[in-house]
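Q: Hello! I would like to learn how to read a protein model step by step. Could you take me through this one?

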Amino acid sequence: MDGSGEVTPSRLRGAGRPSTVAPYAPEVAQWLREDPDLPGVEILQRVRVAGYRGGKSALYELVRRLRVGRSVDRSRRSLQK
């Protein structure tokens, strides 16, 4: 927050280091589009081969967010039919 009590843009992004998993998000999203039931451990193995050196918790959180986004898209499509 700044002196006025408003939340500044940097606080909305979050504090700390940049995400180590963010550069892999497009690739993970593509894998999940190709195989929605792909296990998280398989995704972890694939990103490690691609050079990811971060923790598994960060990756699993990314996978969870991408899966939730996918299920929301599915429900929207089924409501439109």
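A: Gladly! Let us begin with a definition: helices are DSSP runs of at least four residues, numbered from the N terminus. Please also keep in mind that this model is predicted.

Q: Which elements does the protein have, and how many helices are there?
A: The protein has four helices and zero strands. Read from the N terminus on, the order of elements is α-α-α-α.

Q: How do I read confidence, and where is it lowest and highest?
A: The general idea is a score called pLDDT, the predictor's confidence in each residue, from 0 to 100. The average for this protein is 81, and 67% of the residues score at least 70. Confidence is lowest in helix 1 (residues 9-13), with a mean of 48, and highest in helix 3, with 97. Over residues 6-12, pLDDT stays under 50, and the model has six contacts for that stretch beyond four places in sequence.

Q: How do I read a salt bridge, and how many are there?
A: Look for a side-chain nitrogen of Lys or Arg within 4 Å of a carboxyl oxygen of Asp or Glu. By this rule, the count is two. One joins the side chains of Arg64 and Glu61, at 2.6 Å from N to O. The other joins Glu42 and Arg46, at 3.1 Å from N to O.

Q: Why might such partners point the same way?
A: An α-helix has 3.6 residues a turn, so residues three or four places apart point the same way. Now for the cases here. Arg64 and Glu61 are separated by about one helical turn because they are three residues apart in helix 4 (residues 56-80). Glu42 and Arg46 are also separated by about one helical turn, being four residues apart in helix 3 (residues 40-49).

Q: Where does Arg46 lie relative to Trp31?
A: Arg46 lies over the face of Trp31, at 5.2 Å from the ring centre.

Q: How do I find the buried side of a helix, and which residues are buried in helix 2?
A: Ask which residues have under 20% relative accessible area, as these count as buried. In helix 2, they are Val28, Ala29, Trp31 and Leu32. Seen down the axis of helix 2, they fall within an arc of 160 degrees, so they line one face of the helix. On the other side of helix 2, Pro26, Arg33 and Glu34 are exposed.

Q: Which residues are buried in helix 3?
A: Gly40, Ile43, Leu44 and Val47 are buried there. Their arc around the axis is only 100 degrees, which puts them on the same side of helix 3. Just after helix 3, Gly51 takes a positive phi of about 115 degrees. Over the whole protein, 20% of the 81 residues count as buried.

Q: How do I describe a pair of aromatic rings?
A: A pair of aromatic rings is described by the distance of the centres and the angle of the planes. This structure holds one aromatic pair. The rings of Tyr24 and Tyr52 have centres 5.5 Å apart and planes at 75 degrees, so the pair is edge-to-face. Tyr24 lies in the loop between helix 1 and helix 2 (25-34), and Tyr52 in the loop between helix 3 and helix 4, so the pair ties together parts that are 28 residues apart in sequence. Both Tyr24 and Tyr52 are buried.

Q: Which residues is Tyr60 in contact with, beyond its neighbours within four places in sequence?
A: Tyr60 is in contact with Gly40, Val41 and Leu44. Tyr60 lies in helix 4, whereas Val41 is found in helix 3. Tyr60 and Val41 are 19 residues apart in sequence, with their C-alpha atoms 8.6 Å apart in space. Tyr60 is partly exposed at 33% relative accessibility, and Val41 is partly exposed at 47%.

Technical notes: Residues are numbered from 1 along each chain as its sequence is written. This is a predicted model: local features need pLDDT of at least 70, side-chain atom pairs count only at pLDDT 80 or more; totals for chains, interfaces and linings use all residues. Side-chain values use heavy atoms; hydrogens and water are left out. Helices (H or I, at least four residues) and strands (E, at least two) are DSSP runs, numbered from the N terminus. Contact means heavy atoms within 4.5 Å. Buried means under 20% relative accessible area, exposed over 50%, partly exposed in between (1.4 Å probe, protein chains only). The arc is that of the directions from the helix axis to the C-beta atoms. Rings of Phe, Tyr and Trp (its six-membered ring) pair if their centres lie within 6.5 Å; planes under 30 degrees apart count as stacked, over 60 as edge-to-face and the rest as tilted. A charge sits over a ring if NZ of Lys or CZ of Arg is within 6 Å of the ring centre and within 35 degrees of the ring normal.
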